[in-house]
There are 2 protein chains.
Amino acid sequence: MQKRSKTSKPRARMDIRDVAQRAGVSISTVSRVTNRKGSVNREMTDRVWRAVRELNYQPDPQARALVSGRSHIIGLMVTEITNPFFPELIQRFEQLAVESGYEVLLASTPNDPASIAMSVRRMLQRKVDGVAVMMFGREAPVLEELASHSVPLVVMDGAPAFPKIDAVRVNYDEGIRQAVAHLVELGHQTIAFVSGPLEQASARLRLQAFEKAMRAHHLKAQPELMPESDHTLEGGMAAMTQLLALSHPPTAVVCSNDLTAIGVLHRLFEVGKQAPADLSVIGFDDVHIAQFMLPPLTTVRMSCAQIAKAAFATLRHRIEPASTHHAPPLITTKLILRQTTGAPYAESMRRNPTTRNSSRRPAGRPQ
Amino acid sequence: MQKRSKTSKPRARMDIRDVAQRAGVSISTVSRVTNRKGSVNREMTDRVWRAVRELNYQPDPQARALVSGRSHIIGLMVTEITNPFFPELIQRFEQLAVESGYEVLLASTPNDPASIAMSVRRMLQRKVDGVAVMMFGREAPVLEELASHSVPLVVMDGAPAFPKIDAVRVNYDEGIRQAVAHLVELGHQTIAFVSGPLEQASARLRLQAFEKAMRAHHLKAQPELMPESDHTLEGGMAAMTQLLALSHPPTAVVCSNDLTAIGVLHRLFEVGKQAPADLSVIGFDDVHIAQFMLPPLTTVRMSCAQIAKAAFATLRHRIEPASTHHAPPLITTKLILRQTTGAPYAESMRRNPTTRNSSRRPAGRPQ
DNA sequence: CGGGTTTCTGGAAACGTTTTCCGGGCCGGC
DNA sequence: GCCGGCCCGGAAAACGTTTCCAGAAACCCG
């Protein structure tokens, strides 16, 4: 105890011993009070809290983690950080984490297995309390390694649930069903779907939702109308190039995400055409910038706030089983009508420049 | 030593003691070897490394941090994570950090002082080795608090250098000069500038660069042609609404960032006009999506790779003065010509749809 | 050949917590 | 009134490192 007094210079940070001394109790008591573990006398509790306030004591997370084994850090693994959907998701997730006393360790890895493996090692090494995984395909090895160390895990993706791994579940069907129904109602028959990388579960699920919706309308989903892309702007352009080369090009395209849709619109522009007059385009995600496209992009909205909330809730429940936990809801999706969809073009209106401008407004506007 | 043997169950993680035992040396020696501090016999060094490999030993960062005081964590404070420029920056920065053995702790705070203060506290508590600050105005309090704890600090913003704080310096002048020159060459006389939030240093510097460029061309930068906006899509729209209401609206608009420019384009679309026929628009940043706008956005490019590199290099140099450090270069900016700029409309060409298309290519192409 | 200096090594003390263990006091029951 | 159990508080043992310190060995130079 007088060992402390040897250090002559005033230390910047307060110690648990300082608090104990000031409150006139032992350090064990201080620990018990601040962690709300074990029971201590009411009066002592007050004294301790007072001392904590007066000295502005903050326990050292490192020391705490060293002995307790819990770091109060949550790992966040992201690949496609370029996709504007993710920053929003990240921000929301981080906010929730902080509110619950966790820090967020970021790992924005490229999508190759080596980098991912490296990130996992880092997470393990830092002893994260849990990991949230945002969308990469081939997640199996990651999940396995983390799960084998029994690190709580949540994937924000409708991945088929591994035994010990939670997943945020999204109802892709509803939104995509609405999208296809909308197009059919406008009179479209040949509808294409530009899918994401099929190694990703979410991309597969979206594709399946599309196929299901098409079947529901007794339309054939032909393989050449369903190119596999990669959820990037460039990928969208490439896919559109493919579709334009077909002998019977589609009159409408549903895209697996907004970035793809924007790429499609861009390619369309490059060949001197535009939506919705020459092609109807529907995106997915409803990223913030979608409504600022020219024309504003019709898309299927998926609330990233909901996803972040569900993801964090399930993760937290795994980490602290005591915390209250209402089973997170199925994330909903729904069509947002804007201006990239309209009736399939008729020859009558195609080569008429005056109607082109007026055709910017889509034909039917339910809602 | 035989204390260890009491633990009967096999522990998952390897200890420094395991390594020492296996290599037949003391733990001090192991520490010295793995940290490359102090000098040890060549043969022993080999033995230690071999043991490390064989046991797959990874030191516990928590324990290491506890005693050494260095956490090997770098804080990353971001506000406008919605701005697509930042995800790219974040990813690059994180990658550099990881390559140098650091982790990145993310704090994506809203822009209010309370949240920022909270984030700073978290950083301080986790004993980050350094902090990189990405663009918020009113940074003074943060910087002061961190600096007072002598935490190395770098702001990615041309902020006027505080005494002890590094800043990545950007040459805004060059790119904006090119932008204005380009517009003047096309024949524009009344050129507007939609600025960012002037509490941000970077926004102020961009505005000043514009004013300087205008003066260089003997053009007046009138206040009503320089609305203050906020670097968001919505802000761009609002500013454009203002500009459209003027009795003598501008024929060209330079924007403080791409998001603003996209907002401007969108508002233009809403009133039935378009770039470049009715208005020339130039953005700033050259975010990836800019080239996918319809029409592709002419903008001033600022390399986020360069910024990330410079930021990390300066920060690292502060943290480990030993590390090699070439003074990071002034970040360059330059005009990227795309399709949102053209000659100011003349009545003769306005209502002529055929020339409209051909005017998409900007007239002059300096550079 | 000896003394001093340098190089190398191991032991042990720190770092700031949580947690276990134990003892003492108090209460109730017999 | 005595004993058992229960609550509460303190001492001390971890946790896994780095770092200080001291001693041994080797080396250099006179």
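Predicted model: local features only at pLDDT ≥ 70, side-chain atom pairs only at ≥ 80, totals over all residues.

Let me start with a question: in which loop of chain B is B:K127 found? B:K127 is found in the loop of chain B between α7 and β3, where β3 covers residues 130–134. The phi angle of B:K127 is near 55 degrees, which is a positive value in a residue other than glycine. Is B:K127 buried or exposed? B:K127 is buried, because 20 other C-beta atoms lie within 10 Å, and the cut-off for calling a residue buried is 20 or more.

A:D286 counts as buried, since it has 25 C-beta neighbours inside 10 Å.

The loop between β8 and β9 of chain A also holds A:P295, and the peptide bond from A:L294 to A:P295 is cis, with omega near -10 degrees. Another cis peptide bond joins A:A275 and A:P276, with omega about 0 degrees, and A:P276 lies in the loop between α12 (258–270) and β8 (280–285) of chain A.

Let me now step back to chain A as a whole. Its secondary structure comes to 15 helices and ten strands, and of its 367 residues, 49% count as buried. If we take the contacts in chain A with a separation of 6 or more, residues 24 or more positions apart account for 67% of them.

A:H217 gives us a particular place to look, in the loop between α10 (201–216) and α11 (233–244) of chain A. Leaving aside neighbours within four places in sequence, A:H217 is in contact with A:V180 and A:V184. The C-alpha atoms of A:H217 and A:A181 are separated by 7.8 Å, while these two residues are 36 residues apart along the chain. A:H217 is partly exposed, with 15 other C-beta atoms within 10 Å.

Next, please turn to the strands of chain B. Strand β8, residues 280–285, has six of its six residues buried, so this strand is largely enclosed by the rest of the structure. Strand β7 (residues 252–255) of chain B pairs with β8(B) in the parallel sense over three bridges, and within that pairing B:A252 stands opposite B:S280. To get from β7(B) to β8(B) the chain passes through α12(B), and this β-α-β crossover is right-handed. β8(B) also pairs in the parallel sense with strand β9 (residues 298–302) of chain B, over four bridges, and the bridge partner of B:I282 in β9(B) is B:T298.

A rotation of 180 degrees, with 0.1 Å of shift along its axis, superposes chain B on chain A with an RMSD of 0.2 Å, and that is the relation of a two-fold axis. The same surface serves both copies, in that 100% of the contact residues of chain B recur in chain A.

Finally, we come to the DNA. Of the 28 residues around DNA strand C, those that come nearest are A:I16, A:S31, B:S39, B:V40 and B:N41, and the largest share of this surface, six residues, comes from α3(A). The surface near DNA strand C has twelve nonpolar, eleven polar and five charged residues. Around DNA strand D there are 26 residues, of which A:S39, A:V40, A:N41, B:I16 and B:S31 come nearest. Here the largest share, again six residues, comes from α3(B), and the surface near DNA strand D divides into eleven nonpolar, ten polar and five charged residues.

Conventions
Residues numbered from 1 in each chain as written. Chains lettered and ligands numbered in written order. Least-squares fit on C-alpha atoms with pLDDT ≥ 70 in both. Contact = placed C-beta atoms within 7 Å. Near = placed C-beta within 6 Å. Helix = DSSP H or I, 4+ residues; strand = E, 2+ residues; numbered from the N terminus. Nonpolar A, V, L, I, M, F, W, Y, C, P; charged D, E, K, R; others polar. Buried ≥ 20, exposed ≤ 12 C-beta atoms within 10 Å, placed from the backbone. Pairing = 2+ DSSP bridges. Right-handed = clockwise from strand over helix to strand, strands pointing away.
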